[in-house]
Amino acid sequence: MVKKKYNIQEHGLVPEHLKLSEKEVKDLLERYHISLKELPKISKKDPAISHLNIKEGDVIKIIRKSKTASESIFYRGVINV
Amino acid sequence: MSIFTEYKNKLPRKILNEVKEYTKGMSEAKIKKVLAATMEEYENTKVEPGECVGVVSAESIGEPGTQMTLNTFHFAGVAEMNVTMGLPRIIEILDGRSNLKTPMMEIYLKAPYSQGKDIRKIALSIKETLLNEVVSEFMINIAENSIELRMNNEKMKELGLTENNIISSIKSGIKGYNIRSSKEAIVLKSKTKEETINKVYIDKEKIKKIHLSGVKGISQVLPVRRGEEYIIITSGTNLKAILELDYVDSTRTTTNDIFEIQKILGVEAARQSIINEVFKVIESQGLDVDIRHIMLVADTMCNSGEVKGITRYGVVSQKSSVLARASFETPIRHIIGAALIGEEDKLTSVVENVMLNQPVPVGTGLPDLVTQVKK
């Protein structure tokens with residue numbers, strides 16, 4: 001494939017996406033008393049996480065830039081769609 | 001700054017920065033007091049569990065929405081370029097429509113070009129040029145079954161096209177013709193002798209649409225000055241192709257097509273774009289809606305990992321309760337569908353409980369008695 005000249009992660013609309021480790025996922029789900037299914041979802045093919053080497057069932061931590069809180073953290077579970 | 005690290009995960013970054021700013025030069029004990037007071041205030045302003053935020057958002061966006069204009073807005077200077085604004089645009093975004101009435105892009109440029117260098121040339125090179133724009137006359141020669149194209153040389157020069165460029169574009173655009181250039185025209189002669197006039201006529205219409213140069217989908221370009229720099233506003237969008245161009249600032253260039261953003265930059269970017277677009281409309285109408293309401297709507301739309309509109313095909317179809325779905329639109333279809341597969345309704349949300357005359361799990365109706373099973 002031809003290498004893309006632009007980098008999606010650098011785009012102003014795209015917040016930082018990070019992959020959580022297994023322990024972090026466990027802590028997160030315990031903290032909110034939820035199961036993985038109840039998290040908001042993100043597709044495995046989402047272009048913003050293509051560089052992360054992810055599989056179904058991983059949890060992505062998203063550090064959003066917010067107008068009201070300057071920085072807010074959001075989590076999404078990876079689904080296979 | 002060890003006092004602040006304790007609050008790092010408790011207070012939002014913005015508030016913490018403000019506290020840091022105001023407490024400069026104070027003693028550590030005093031700062032501690034300020035932080036504790038801030039924390040208490042922050043906890044008080046949080047939304048209570050059970051608060052029906054969705055209804056509050058709907059009313060907060062809906063009420064000013066009644067005062068919005070219903071027309072499209074014309075861009076000053078360029079006649080053919082309109083922008084959908086006001087209520088139609090809001091409906092377009094929240095319904096999650098993928099075919100926009102007025103797709104648009106804002107192209108930011110890299111350093112030397114953003115100051116106006118070659119701005120006209122760049123704008124023209126982005127604009128999609130079709131064959132019929134550089135041809136002044138199409139002629140069909142019935143005796144020879146051929147099409148003759150009289151070129152508009154001025155226009156060609158302006159766009160930086162040569163006859164050879166055009167011939168090779170035509171060659172890849174249509175099959176079954178021999179192409180040669182004569183003194184003042186390009187002649188397409190049918191290879192097969194027995195071609196009917198009808199076929200030649202259809203082909204003539206077909207070649208009008210052959211793509212010559214520029215980016216596909218960009219039908220209008222308009223360089224404008226915004227603040228300190230020049231940007232290009234286009235009508236028609238093609239984010240992927242534009243981002244790949246060398247002189248384009250690929251960190252700020254955007255489109256107003258949310259589905260295109262989702263496809264190329266991901267859901268999170270699409271969510272941000274929904275917020276920006278809705279807020280832009282509300283702001284331009286001189287209305288004041290708290291951005292948090294819009295954030296909530298955008299979060300709901302992007303919850304499933306892709307953009308879903310607030311329609312019966314989008315967000316509503318994902319509700320777990322049959323009765324809730326039936327209460328929105330097309331009730332009979334939902335109830336029949338649920339009956340056919342034996343769906344169960346756990347009555348955990350609002351609408352279904354209203355229907356059955358039970359307390360709704362909102363506000364003080366939310367807490368419930370639960371028996372702890374002994375282990």
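**View 1. The second largest cavity sits among residues of chain B.** Lining this cavity in the predicted model are B:Ile61, B:Leu94, B:Ile274, B:Val278, B:Ile294, B:Val297 and B:Ala298. Two elements of chain B give two or more residues to this lining, namely α14 (267-284) and α15 (291-301). Of these, α15(B) gives the most, with three residues. Sort the lining by class and you get seven nonpolar residues, no polar ones and no charged ones. The space inside comes to about 40 Å³.

**View 2. Here's the largest cavity, with a volume of about 70 Å³**. There are 13 residues in its lining, and the closest to the centre are B:Glu92, B:Ile93, B:Arg97, B:Ile258 and B:Phe259. As for elements, α5 (86-94) and α13 (258-265) of chain B are the ones that give two or more residues to this lining. The top contributor is α5(B), with three residues. Charge does turn up here: the lining holds four charged residues, along with two polar and seven nonpolar ones. And how many cavities of 30 Å³ or more are there? The count comes to two.

**View 3. Four strands of chain A make an open sheet**. Read across, the order is β1-β3-β4-β2, and the pairing is mixed. Which strands stand at the edges? Those are β1 (16-19) and β2 (41-43) of chain A. Each has a single partner strand, so one side of each is left without a neighbour in the sheet. From one strand to the next, the twist averages 40°.

**View 4. Zooming in on the pairing of β1(A) with β3(A), we find an antiparallel run**. In chain A, β3 covers residues 59-64, and four bridges join this strand to β1(A). To pick out one pair, look at A:His17: its bridge partner in β3(A) is A:Ile62. As background, strands of a sheet pair through backbone hydrogen bonds, either parallel or antiparallel.

**View 5. A helix of chain B lies across the strands of chain A**. The helix is α14(B), and the strands it lies across are β1, β2, β3 and β4 (72-79) of chain A. Relative to β3(A), α14(B) runs at about 35°.

Technical notes
Residues numbered from 1 in each chain as written. Chains lettered and ligands numbered in written order. Predicted model: local features only at pLDDT ≥ 70, side-chain atom pairs only at ≥ 80, totals over all residues. Heavy atoms only, no water. 1 Å grid on protein atoms, 1.4 Å probe; cavity = no way out; pocket = protein on both sides within 12 Å on 5 of 7 lines; lining within 4 Å. Points joined across faces, edges and corners; volume = space filled by probe spheres on them. Nonpolar A, V, L, I, M, F, W, Y, C, P; charged D, E, K, R; others polar. Pairing = 2+ DSSP bridges. Axes fitted to C-alpha atoms, helices over the stretch in contact; angles between N-to-C directions. Contact = heavy atoms within 4.5 Å.
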